[in-house]
Amino acid sequence: MATEPSLPSVAERGIADARDGRTDSAEAGGRREPCGEHGWVAAGPDGRTEPASGEPSDREAILDLVRLAVRRHAGGATAVLLAGSAAGGTPLAAGCLPDSDLDVVAFTEKGRSRRLAVREQGVLIELFIVRERDYPALLREARRTGLPSLARMCRDGRVVEGGRRAEAFKRAAERTLRAGPLPVTFAELDRRRWELTELADDFRHAGRPEALFVAAGLLGKTAEFVLRANDRWLGVGKWALRALEEFDPAAARSLTEAAEAFFRNDDRRPLIEIVDRSLAPFGGPLREGWTDEARFGGEMEAEPDEDA
């Protein structure tokens with residue numbers, strides 16, 4: 001559990017770089033038709049299909065959609081990043097649009113930081129709107145929770161608009177990811193030990209229908225425990241497995257094999273053994289002696305005033 005390095009603010013690292021000009025794309029409507037193996041193409045009112053961007057470039061078609069969504073929902077954005085698989089680019093036939101959703105981060109100077117889902121030309125776009133002055137706090141929160149989703153999207157995102165300003169945001173995300181999550185505290189470790197112990201006990205004794213639901217939670221909590229106990233970034237959904245594979249490929253493989261053993265053959269032993277091995281270096285299962293303070297509205301309950 002290393003000491004926490006200081007996190008430079010975005011302002012200190014170039015947020016005042018000159019803003020590049022932005023190019024708006026023409027709005028395109030109409031429905032979509034299948035296009036090749038991995039995409040779609042916009043269809044006009046007469047049913048004819050044409051490249052959505054008007055050019056034989058799948059990249060430009062995607063970027064046009066991103067610009068359109070940002071203009072409609074985050075007008076005045078100072079920087080725009082295209083994240084997710086589309087940033088790397090799955091090859092599409094000429095003029096095709098992707099059949100998966102697009103993840104877009106748009107930075108603004110005003111308004112509220114928020115997340116929304118929109119649809120343009122039939123393509124689902126998840127838009128993460130980040131007010132610039134909120135960005136350093138959001139990166140600090142990522143380190144506190146261990147969840148690096150926003151930082152990873154910004155670091156790996158492709159610059160759509162914003163030039164040097166966007167690059168400054170990418171560098172801040174890279175510094176956050178390099179620094180890693182804040183070291184796990186003893187209180188958090190005990191809480192996670194207790195949660196994992198309780199789930200494992202339920203899993204041991206539950207009937208098959210209930211055990212199916214418990215197992216799903218137990219898999220996620222086991223991965224979380226291993227990652228946080230070793231001060232590693234967490235992940236949600238498929239990213240939980242990816243994070244575990246990055247940290248310990250053998251542990252990830254063992255966990256997935258244990259899941260298969262239970263779901264296919266109703267064999268619970270492999271998963272229970274993994275939980276026990278994961279807990280052992282950190283004090284083992286935690287049952288009696290565990291305590292947690294009641295919280296109301298996110299705040300700890302105040303001590304009563306004996307003089308009142």
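1. Helices, as named in this note, are DSSP runs of H or I with at least four residues, numbered from the N terminus. On that basis, I274 belongs to helix 10, which covers residues 269-279. The model under discussion is a predicted one.

2. Once neighbours within four places in sequence are set aside, the contacts of I274 are T222, S254, L255 and A258. As to A258, its C-alpha atom and that of I274 are separated by 8.1 Å, with the two residues 16 apart along the chain.

3. Helix 9 comprises residues 249-265, 17 residues in total. The distance from its first C-alpha to its last is 24 Å, close to the 24 Å expected at 1.5 Å a residue. Just after helix 9, D266 adopts a positive phi of about 60°.

4. Which residues of helix 9 are buried? They are A252, L255, A258, A259, A261 and F262. The buried residues of this helix pack against helix 6 (186-205), helix 7 (208-229), helix 8 (238-247) and helix 10. Two of these residues, L255 and A258, are also listed among the contacts of I274.

5. The pairing of helix 7 with helix 9 may be described in detail. Their axes come within 11 Å and cross at roughly 180°. Angles over 145 degrees count as roughly antiparallel, and helix 7 is therefore roughly antiparallel to helix 9. On the helix 7 side, the contact is formed by R208, A211, L212, A215, L219, T222 and A223; helix 9 contributes L255, A259, F262 and F263. By class, the residues of this contact are 9 nonpolar, 1 polar and 1 charged.

6. The contact of helix 4 with helix 5 has 5 charged, 4 nonpolar and 1 polar residues.

Terms used
Residues numbered from 1 in each chain as written. Predicted model: local features only at pLDDT ≥ 70, side-chain atom pairs only at ≥ 80, totals over all residues. Heavy atoms only, no water. Nonpolar A, V, L, I, M, F, W, Y, C, P; charged D, E, K, R; others polar. Helix = DSSP H or I, 4+ residues; strand = E, 2+ residues; numbered from the N terminus. Contact = heavy atoms within 4.5 Å. Expected span 1.5 Å × (residues − 1). Buried < 20%, exposed > 50% of the residue type's maximum accessible area, 1.4 Å probe, protein only. Axes fitted to C-alpha atoms, helices over the stretch in contact; angles between N-to-C directions. Parallel < 35°, antiparallel > 145°, perpendicular 65-115°, else oblique.
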